[in-house]
Amino acid sequence: MAWLIVTCLVLCTTFADAAVGTNIPSLKLIPEVDFHPTELLGVEEEQVRDILFEINWTNATNETLADFSQLFPKDFYVTVASGDSEILEIVNSSYSNCISLSDEPHNSTIVVRGIFLGYTTVKVSLKAAIDGCGVDVNDEFISELEENSRDFEVPVSVIRPPSILVNSVTGVFAVLVAFNFINMGVQLDMDSIKKVLKKPIGPAIGFVCQFLFMPLASYGISLLLFSDNSLRLGLFTLGCSPGGSMSNFWTLLFNGDVNLSVTMTFISTVAALGMMPLWIFTLGASLFREREAAIPYLNMVGSLVGLTFPIIIGLLIKKYSPKLTRISLKIIKPFTIIIVLFGITLASYVNRFVFYLFTWQVVVAGLSIAWGGYCFGALVSWMFRLEKAQIIAISIETAFQNPAVAFVLLLLTLPQPGADLASVPVVAQLMLTGIPMWILLLGTRVYTKIKGCREMGSTGEITKPEIDTVQKRYFAVETNPLEERVYYNSKANKLDMERYSIQ
């Protein structure tokens, strides 16, 4: 009886071993990499951060992975690389170059440093070591094993560090702009503004150009030139924004209708509370698929307060202080030039990162939107037979949007660095709108100066004939050279002068 029991046990053990032996080949093991954290977001430029990863062997759960497991019979090489070395740099790493199936799982560390804002990945590649870990190979040989490899990635984003200096200088610039708006208020004529509002042809043309042409043009050009959705979003957001303060300053420098310019800026900022959401939630819905747009209502209300409050102070100065009014009239144009120069310099410094991201598409888009706004505003104004000063005001008002509204919307809607990347076409358009204006301003001033000098040298008329008293007329006659005869032309109400040679 005992021998029968022993025989049964031997047979059972044999069948069990055979069963296990037949199942061993069916076990398909593949390597897996687990990261901690699973995504590394918000790495500041020049900041050093750590990423932990662990390599484990797991059972394949489908045919694809089961076939893939044949590539990893026992050993595999490990390599670590940055998806974009211009955005993120691998500083150091602690891992074995070759790992065997029999090794115990252990954590490895990757030390990375942010270089430039953007999105990238850290990639861990496992490549089959067909000849085993005992064979000495170099990195070049490992990099050539692309077919027998499997990659694991962890997303990384690099952002700009905050700057106290930039925030402080921006605050100083805001104060200077508010002071210059006080000067603008001294220049305004409330009677002229009332006439504009009673017959609002100019504001109506400005409204159509600002909230019909600019959004459609920015949307169309963004689709035509950009494949990146964030760049399309930035350009379209600026196209939907109201007019900015720089349009008032440039209108003053080009001798445009300042009353009309300030009136249009106020109206467009109020209208933007309704028109901006209308465009963004209709035409812009295709650009905000992943996130819901956050309209910066508070920022737009703040722009209204920042515009109207200093102007009211300027109007009060004009009414009650003639001395300060005379001072304001003398300093407003030089101070406006300083403000505009300071604004361009500040914008270039704060957003200097965009110069590295400029492409020909960004430049063409900025030029197209800016000069399209100038030309469209001027053309429509000319078609309605407005005066030259009004045409200048509407043309400039159409091209210059309020960048602060666009920036705040992008910051509230997109996480960093997405907001900064989307602002690239915004900054590009602002620079390409302002810099040519400087060239045009200098060119017109030089031309006017040369033309005035030529006229004074070629004509015999005194250019300032509005002499109020007889005594001034006699003084003008007596102070002229003997070879010139000055006489009063009563029909033209001016002094004329004729030259003759003394015989």
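User: I am new here. How many helices and strands does the chain have?

Analyst: Welcome! This is a predicted model, and its chain has 17 helices and eleven strands.

User: What share of the residues is buried?

Analyst: Buried residues account for 42% of the 503 in the chain. The accessible surface comes to about 27800 Å², and carbon and sulfur atoms hold 63% of that surface.

User: What do the contacts say about residues that are apart in sequence?

Analyst: Take the contacts between residues at least 6 apart in sequence: 79% of them join residues at least 24 apart.

User: Let us turn to the strands. In what order do they form an open sheet?

Analyst: Five strands take part, in the order β2-β9-β8-β4-β6, with mixed pairing. From one strand to the next, the twist averages 30°.

User: Which strands stand at the edges?

Analyst: Those are β2 (40-44) and β6 (98-100). Each has a single partner strand, so one side of each is left without a neighbour in the sheet.

User: How many bridges join β8 to β9?

Analyst: Ten bridges do, and the two strands run antiparallel; β8 covers residues 118-128. To find your place in this pair, look for Tyr119, which stands opposite Ser157 in β9.

User: Now for charges. How should I read a salt bridge, and how many are there?

Analyst: The general idea is that side chains of opposite charge can pair when their charged atoms come close. In this structure the count comes to two salt bridges. One of them joins the side chains of Arg113 and Glu89, with 2.5 Å from N to O.

User: What does the pair of Arg113 and Glu89 tie together?

Analyst: Arg113 lies in strand β7 (residues 107-114) and Glu89 in strand β5 (residues 88-94), so the pair ties together parts that are 24 residues apart in sequence. Arg113 is partly exposed, at 25% relative accessibility, and Glu89 is partly exposed too, at 30%.

User: Where does Arg160 form a salt bridge, and with which residue?

Analyst: Arg160 pairs with Asp420, and their closest N and O atoms are 3.1 Å apart. Arg160 sits in the loop between β9 (149-159) and α4 (164-187), while Asp420 belongs to helix α15 (residues 418-422), so this bridge links parts that are 260 residues apart in sequence.

User: Are Arg160 and Asp420 buried or partly exposed?

Analyst: Arg160 is partly exposed, with 27% relative accessibility, whereas Asp420 is buried, at 7%.

User: You mentioned α4. How can I check the span of a helix?

Analyst: Compare the expected span with the distance between the end C-alpha atoms. At 1.5 Å a residue, the 24 residues of α4 should span 34 Å, and the end C-alpha atoms are 35 Å apart, which agrees.

User: Which residues of α4 are buried, and what do they pack against?

Analyst: The buried residues include Val166, Phe173, Val177, Phe181, Ile182, Met184 and Val186. Asn180, Asn183 and Gly185 are also among them. The buried residues of α4 pack against α8 (245-253), α9 (258-281), α10 (297-320) and α11 (322-350).

Technical notes. Residues are numbered from 1 along each chain as its sequence is written. This is a predicted model: local features need pLDDT of at least 70, side-chain atom pairs count only at pLDDT 80 or more; totals for chains, interfaces and linings use all residues. Side-chain values use heavy atoms; hydrogens and water are left out. Helices (H or I, at least four residues) and strands (E, at least two) are DSSP runs, numbered from the N terminus. Buried means under 20% relative accessible area, exposed over 50%, partly exposed in between (1.4 Å probe, protein chains only). Contact means heavy atoms within 4.5 Å. Accessible areas come from the Shrake-Rupley method with a 1.4 Å probe; for residues, only the protein chains shown count as cover. A salt bridge is a side-chain nitrogen of Lys or Arg within 4 Å of a carboxyl oxygen of Asp or Glu. The expected span of a helix is 1.5 Å times one less than its number of residues. Two strands pair if DSSP finds at least two bridges between them. Axes are lines fitted to C-alpha atoms, for helices over the stretch in contact, and angles run from 0 to 180 degrees between N-to-C directions.
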